[in-house]
Amino acid sequence: MAEIKTTISDIKLFIENLHSDMPEVFEKKNSNSKTPSTRNKVLYMGDVYDVKISANPEKNTSCEFIDDIFHINLKDNTQNPSKIVETWLREKANEILKQKIDVFAQKMELEYNRLVIKDQKTVWGSCSEKSNINLSYRLIKMPENVIDYLVLHELAHLVHLNHSSDYWDIVEKYCPDHKRFRKWLNNNKVSLFDNAKLKYVKEKDPYLNPPKEEVAKEVKPAQEQAPTSIADSLPEEITETIPEMDNILDDDDTVKDIEGIVEI
Ligand SMILES: [Zn+2]
């Protein structure tokens with residue numbers, strides 16, 4: 001990417017898709033109720049995809065996009081498709097986040113030591129005194145601009161291992177819209193942390209296993225929903241304030257980025 005862009009079209013699209021496909025994400029946003037359903041859905045790079053699962057022992061286990069549908073083939077129909085999707089997302093995260101961090105490190109003229117892709121349950125990423133960076137594989141579900149923000153957020157910790165105003169000056173320089181992305185993260189954290197819930201239904205008998213149970217309903221075009229800005233979907237208290245984050249240094253001098261999970 002020649003330049004870090006901060007357009008929000010991808011994010012708007014994700015929000016709109018969530019509104020049409022998973023309205024419960026928004027209805028339960030401010031409650032402590034159960035996480036929203038992602039049944040028969042896969043989130044990837046800012047979009048919500050319907051899933052079709054087939055079982056063909058003559059083909060390898062695989063995941064691929066065909067006409068905007070996420071197809072999973074099970075070599076063995078006892079395999080858990082949710083686990084297969086998680087493995088696929090982790091592989092994509094490894095590939096894409098490693099490419100991105102090198103691009104941004106070069107742009108910011110910074111050097112990191114090691115990148116590890118993890119599944120950290122309460123953070124998006126962390127940076128240590130030894131210049132090691134960890135990122136959650138769940139970043140791969142986010143719109144690309146948000147992924148870019150989180151990658152450069154961790155790289156900026158190579159300069160300041162804290163969230164001081166000097167630190168945010170660096171983030172601001174490379175990502176002027178970072179506050180918007182942080183709000184988006186907070187607003188979408190539940191669906192980002194929810195795992196895909198997928199179930200294979202045998203195709204043999206269409207009467208016993210009606211197709212509607214195999215394939216989720218068709219994706220509705222985004223135009224059917226009124227466009228929704230990020231600000232519109234944010235609760236007041238989040239729109240107004242971004243809490244201080246001065247208590248996040250661990251004993252091991254590791255900055256753990258809890259933003260979007262707890263603090264903001
Ligand atoms: Zn941070």
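What percentage of the contacts in the protein between residues at least 6 apart in sequence join residues at least 24 apart?

**Figure 1. Overview of the predicted model.** Among the contacts between residues at least 6 apart in sequence, 63% join residues at least 24 apart, a contact being a pair of residues whose C-beta atoms, placed from the backbone, lie within 7 Å. The protein has eight helices and eight strands, which are DSSP runs numbered from the N terminus (helices: H or I, at least four residues; strands: E, at least two). Of its 264 residues, 30% count as buried, that is, with 20 or more other C-beta atoms within 10 Å of their own, whereas 12 or fewer make a residue exposed and values in between partly exposed. Residues are numbered from 1 along each chain as its sequence is written. Because this is a predicted model, local features need pLDDT of at least 70 and side-chain atom pairs count only at pLDDT 80 or more, while totals for chains, interfaces and linings use all residues.

Figure 2. M45 is partly exposed, because 17 other C-beta atoms lie within 10 Å. Leaving aside neighbours within four places in sequence, M45 is in contact with I140, P143 and E144. The C-alpha atoms of M45 and P143 are separated by 4.9 Å, although these residues are 98 apart along the chain.

Figure 3. Strand 3 (residues 62-66) runs antiparallel to strand 4 (residues 69-74), and five bridges join them, where pairing requires at least two DSSP bridges. I66 stands opposite I69 in strand 4.

Key. Contact = placed C-beta atoms within 7 Å.
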